[in-house]
Amino acid sequence: MTDLQMFLLNNNVAEIKKEVVISDRLKNFPFTISCVTGKQLEDYQRRCVKNPNNPKKREFDASMFNELMIINHCVNPNFKDAEWMQNAGCPTDSRALLYKTLTGGEITNLVLEIEKLSGFSNEDLDEIKEETKNS
């Protein structure tokens, strides 16, 4: 077994985490994010295609993709936290909590940080989204 293979075996992608600051408003409150695995990306792509069986109407739902990225890869704060959702008046809706608590720019910045941690550039993701829409 090579050194690279040993490294990959001993460094689980799902355990990669990082603290990030997503805006001046939240500069004293870093968010903890986690990496997107290949399997998760595949699942998100599949779930974000509208009208998958109709090539003429098929489209990629970028908003849903961003929501999945944040809800599933923002470790702290945890947008799946039932108590937080309840206190925010969104008892079972992580998406509503996300939009209630973050600005549009903060949402974009958080998604970009998750994508960077996961090894993507903006061009990579644009290409992935386009391929998903066209397949």
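This report walks through the fold, helix packing and selected residues of one predicted model.

## Basis of the model

The model is predicted: local features need pLDDT of at least 70, side-chain atom pairs count only at pLDDT 80 or more, and totals for chains, interfaces and linings use all residues. Residues are numbered from 1 along each chain as its sequence is written, and side-chain values use heavy atoms, with hydrogens and water left out.

## Overall fold

The chain holds seven helices and five strands. Helices (H or I, at least four residues) and strands (E, at least two) are DSSP runs, numbered from the N terminus. In sequence order the pattern reads α-β-β-α-β-β-α-β-α-α-α-α.

The chain has 135 residues, and 36% of them count as buried. Buried means under 20% relative accessible area, exposed means over 50%, and partly exposed lies in between (1.4 Å probe, protein chains only). A contact means heavy atoms within 4.5 Å. Among contacts with a separation of 6 or more, 52% come from residues 24 or more positions apart.

Two packed helices are described by the angle between their axes and the distance between the axes. Axes are lines fitted to C-alpha atoms, for helices over the stretch in contact, and angles run from 0 to 180 degrees between N-to-C directions. Angles under 35 degrees count as roughly parallel, over 145 as roughly antiparallel, 65 to 115 as roughly perpendicular, and the rest as oblique.

Helix 3 spans residues 62–73 and helix 5 spans residues 94–101. They pack at about 90 degrees, with axes 10 Å apart. The two helices are therefore roughly perpendicular. Helix 3 contributes Ser 63, Glu 67, Ile 70 and Ile 71 to the contact, while helix 5 contributes Ser 94, Arg 95, Leu 98 and Tyr 99. By class, this contact has four nonpolar, two polar and two charged residues. Ala, Val, Leu, Ile, Met, Phe, Trp, Tyr, Cys and Pro count as nonpolar, Asp, Glu, Lys and Arg as charged, and the others, Gly among them, as polar.

## Helix 3 against helix 6

Helix 3 also packs with helix 6 (residues 104–117). Here the angle is about 70 degrees and the axes are 10 Å apart. Helix 3 and helix 6 are therefore roughly perpendicular to each other. From helix 3 come Phe 65, Asn 66, Met 69, Ile 70 and His 73. From helix 6 come Ile 107, Leu 110, Val 111, Ile 114 and Glu 115. The classes are seven nonpolar, two polar and one charged.

Asp 61 sits in the loop between strand 4 and helix 3. Asp 61 counts as buried because its relative accessibility is 17%. A polar atom of its side chain lies 3.3 Å from the backbone nitrogen of Ser 63. The backbone nitrogen of Met 64 is 3.0 Å from a polar atom of the Asp 61 side chain. Neighbours within four places in sequence aside, Asp 61 touches Cys 48 and Lys 50.

## Cysteines

A disulfide is a covalent bond between the sulfur atoms of two cysteines. The cut-off used is a pair of cysteine sulfur atoms within 2.5 Å. The whole structure has zero disulfides. Cys 48 is buried, at 0% relative accessibility. Cys 74 is buried too, at 4%.

## Loop residues

Ser 23 lies in the loop between strand 1 (17–20) and strand 2 (31–34). Ser 23 counts as buried, with 17% relative accessibility. Its side chain makes a polar contact of 2.7 Å with the side chain of Glu 106. A polar contact is a pair of N or O atoms within 3.5 Å; within protein, one must be able to donate a hydrogen and the other to accept it, and residues adjacent in sequence count only if both atoms are side-chain atoms.

Two other loops hold backbone features. Asn 51, in the loop between strand 3 (49–50) and strand 4 (59–60), has a positive phi of about 55 degrees although it is not a glycine. Asn 51 is partly exposed, at 39%. The peptide bond from Asn 76 to Pro 77 is cis, with omega near 5 degrees. Pro 77 belongs to the loop between strand 5 (74–76) and helix 4 (82–87).

Ile 16 is in the loop between helix 1 (3–10) and strand 1. Ile 16 is partly exposed, with 36% relative accessible area. Ile 16 and Ser 118 are 102 residues apart in sequence, yet 8.6 Å apart in space, C-alpha to C-alpha. Neighbours within four places aside, Ile 16 is in contact with Ile 33, Ser 34, Cys 35 and Leu 117.
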